[in-house]
Amino acid sequence: MELGKVTVSINKAINAQEVAVKEKHARTCILGTHHEKGAQTFWSVVNRLPLSGNAVLCWKFCHVFHKLLRDGHSNVLKDSVRYKNELSDMSRMWGHLSEGYGQLCSIYLKLLRTKMEFHTKNPRFPGNLQMSDRQLDEAGENDVNNFFQLTVEMFDYLECELNLFQTGIVWHPRMLPDLILHSFPAVFSSLDMSRSVSVTAAGQCRLAPLIQVILDCSHLYDYTVKLLFKLHSCLPADTLQGHRDRFLEQFRKLKDLFYRSSNLQYFKRLIQIPQLPENPPNFLRASALSEHISPVVVIPAEASSPDSEPITDLVEMDAASQSLFDNKFDDIFGSSFSCDPFNFNSQNGMNKDDKDRLIEQLYGEITALKEELENFKAESARGAVQLRGRASELEAELAEQQHLKQQAQDESEFLRAELEELKKQREDTEKAQRSLTEIERRAQANEQRYSKLKEKYSELVQNHADLLRKNAEVTKQITVARQAQGDVEREKKELEDSFQRVSEQAQRKSQEQAEVLETLKRELAASRQELEVLQGTLESSTQAGAEQNTRIASLEQERDRLSQAAEQHRDKMAALQAELQQLRDTLSCEQKSSRTELEMLQTQLRDKESTERALQQRLAEEQLSLLQGTSREAERMVQDALARMEDPAHISCTGSADCLLSQTLAASECAERLRDAHSKYLSGGAAVGSLLPHLALFAHLVSNTVLQGSATSHVAPVEPADRLLELCKQCGSETVSYLSALQDPGMVTSADCRLVTACLGQISAIGEELRPRGLDVKQEELGDLVDKEMAATATAIEIASARIEEMLSKARAGDTGVQLEVNERILGSCTGLMQAIRVLVLASKDLQREIVESGRGAASPKEFYAKNSRWTEGLISASKAVGWGATVMVDAADLVVQGKGTFEELMVCSREIAASTAQLVAASKVKADKDSANLCKLQQASRGVNQATASVVASTKAGKSQVEEKDSMDFSNMTLTQIKRQEMDSQVRVLELENQLQKERQKLGELRKKHYELAGVAEGWEEDAAD
């Protein structure tokens, strides 16, 4: 089937006219998908239609797309999945309209998205949902969990179908012959609001897609009933209570839908709608499954298309025209049954002759009038024919004008859509600029906030250090106070020891004095006894009396002296006791003051410790707040990148695999640094300040990687593009999960970015697959490589010219006659071709030098070649091809001269070298100025090469003809049998050569295809085309 025919049918099926889609156009679209085994053509045409600007156009698109999903090729679903997000956006957009087709388009687009998701999750189900019981069991893999989930998905699918077709049917107040339907979110609601009926074009436009919905609903109801019976045989009834309630609700809606739809005149002509049973199935009774009858929707084969028109009965028209003429004749001449003016029985005073004459006269007038009437009829017929022809011409002109008008409207709609898209792009650009400004402002604010927080953190660190120093000083003071207290206690102990010693000494002295007193008392008693003795003997001796008195006086003096010593000792004891009491009072005061000071120091120490704990807690809270704020901003950045992936304006953005690889590498390295910083932060070896810069840079690089991957997927093949897009979304979601974990204090320790690193690795692997396989040369070496290849080409041409001259001299020395003439002509033309190629290479060098000088600016030639690497690789490839072609042509000429080669090989080599020089010219003139003198020289040299190539081909053909004439066959001495034998051998040889020729042509075609692919990969044609 022709692609143009399918495109025309798609445009005719999806138009802005409020009429139903013609069946023949929809059938052509379906056959087109089977022909091309996909829906690429359909989507390429639909993407150019203004679906977001015309609700009727979007409604008819949904109808045609629904038909393709049901009856089209199986690859239609695969080709359409990538547009699922665009359908969702369009559904949300149309959902804002409450009148007309807006809500219809929104609900229908949701239904199509649900259908695609259902068939994607359940690939065993075909698009038309027609399956046998065995296939249904295989779809669930005989697993009750799969059947449970499949039933839920069918409920969701059927719910979307009923949302589009949920109805309530009432009679129109005017009692029109058809039914008017109304419902809140459904097609019938729009019919009621627009006062349409199903026999009008507008009503049929709205009702036509519902035939597909009825077909889907019948199958979904049947499969749901069977799956619920199977689930009730495996699971308890209480577990499936929710399934039964949902089924009963949908059963009532579907039954009412089928009953009311079957009364519509429009559906009666196109489809036979089944009726559901009066009561729903009883799933609690297993035998009820045998009573279930699958509803079957029948589409009659003789059903006429909704776009058919009634045909006017031409016979009845002719009869009506004849009746009209008869009525006019009767009006003019009177009826034949009216009062007859020629009544012969009446007495009108006329005789018979006069009557006959009058009758003849009247007959003559009647004949004349009949002839005139016949002429009038003939002229009327001719006029009618002319008018019909004119009307046909006018109708054709009108159709053509309508077609032109439709084209103009389509163009205006397309231009309006483009204008809207441009306006939207401009608004998006302005919004992006405003958002960029806002992001920069927020970044500056975050930097300022970060600076303030950093200063505050520095102050907190300084205060913490001061508090630590003060704590050390207080601890030192406490240690000194404790040492002083220890000294005081030691002095107290020493004083107590000395007081004890003094007390003991005083007690010893008191005991000694007491002993002395007792001794003195005893001595006094003895002295008294002696005095008594002496008094008794005093009288006997005066001298002894005087001595005794003297001794008594001395003893009294000694007593006085001892009494004074005892008094002094007593005073000394009192002074020592007073001093001891003073020392005790002093010690108690010092103990009280030391105890008070110790309590004060301990209170200060506790206050310092509590202050330090509060500061540490505050510092941890500030660090956590910084980490949460930075993580929140980073998460917002990544979510913004994921949202931009879904933005329609981002679809036009493209990127290269090299840029994606560089972004992925930077993001992976930043992820490793972030992981190390996170580990140090958790271990307490580093503050949060070392983690925040890595976190912000990580979010920025991941966002760039996601956007670059999405842009690269737009120019990549379908399968790698889908995988790359899914990996980018997965990478973004894993990054958001990691950043969300950092914001939760309970999940900071368990947060890990290894999943993000794994996604980046997979994205890098896909980028390596998409990377163009060009020349494996560093860009800084391209400049040197160009000069080397051009020099090598010139050297190859010089060597080839020298070899041709050498072969020409050998041919002149060794050949004679025709062979010498042929060789001289061929080698001479080859020499001319080499000279023309030499001139071309020199002109290409001059033009290349001019291009580099004019385009490099302040950069060096090597930088210019590196900047324009694709153009440089093209020059290198062309130069290699020219040098190789020259070498191969010389080898072929050498073999021809020696008689070992063929003339055809030489002609092919000359044409190949001409093509290589043409490639060199094309590569050189890509960046050249059109008014350049060197470009003119290059073009003249190119024409010279073409002329020299033609000369080589001509001389080769002429030489071949001369050699063939020389070696003509002589059949004069052959017999009839030999000639017949030779003829059969020649026929066999001709057939073999034709077969070989066909195979060689096929091989040549495959070689050219492969050469084209390799050349395209080497020179980056695909990437240039994508850019």
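Guide: Start with Asp216. Its relative accessibility is 0%, so Asp216 counts as buried (buried is under 20% relative accessible area, exposed over 50%, partly exposed in between, with a 1.4 Å probe and protein chains only). The model is predicted: local features need pLDDT of at least 70, side-chain atom pairs count only at pLDDT 80 or more, and totals for chains, interfaces and linings use all residues. Residues are numbered from 1 along each chain as its sequence is written, and side-chain values use heavy atoms, with hydrogens and water left out.

The side chain of Asp216 forms a salt bridge with that of Arg70, at 2.3 Å, N to O. Such a bridge is a side-chain nitrogen of Lys or Arg within 4 Å of a carboxyl oxygen of Asp or Glu. This pair links distant parts of the chain. Asp216 sits in helix 12 (residues 210–232), Arg70 in helix 4 (residues 55–71), and 146 residues separate them. Helices are DSSP runs of H or I, at least four residues, numbered from the N terminus. Arg70 is buried too, at 6% relative accessible area. Lys115 joins in: Arg70, Lys115 and Asp216 are linked in a network of salt bridges.

Arg260 and Asp256 form a salt bridge through their side chains, at 2.5 Å, N to O. Both lie in helix 13 (residues 241–261), four residues apart, about one turn of the helix. Arg260 is partly exposed, at 25% relative accessible area. Asp256 is partly exposed, also with 25%. Across the whole structure, the search finds 21 salt bridges.

How values were computed
Helix = DSSP H or I, 4+ residues; strand = E, 2+ residues; numbered from the N terminus.
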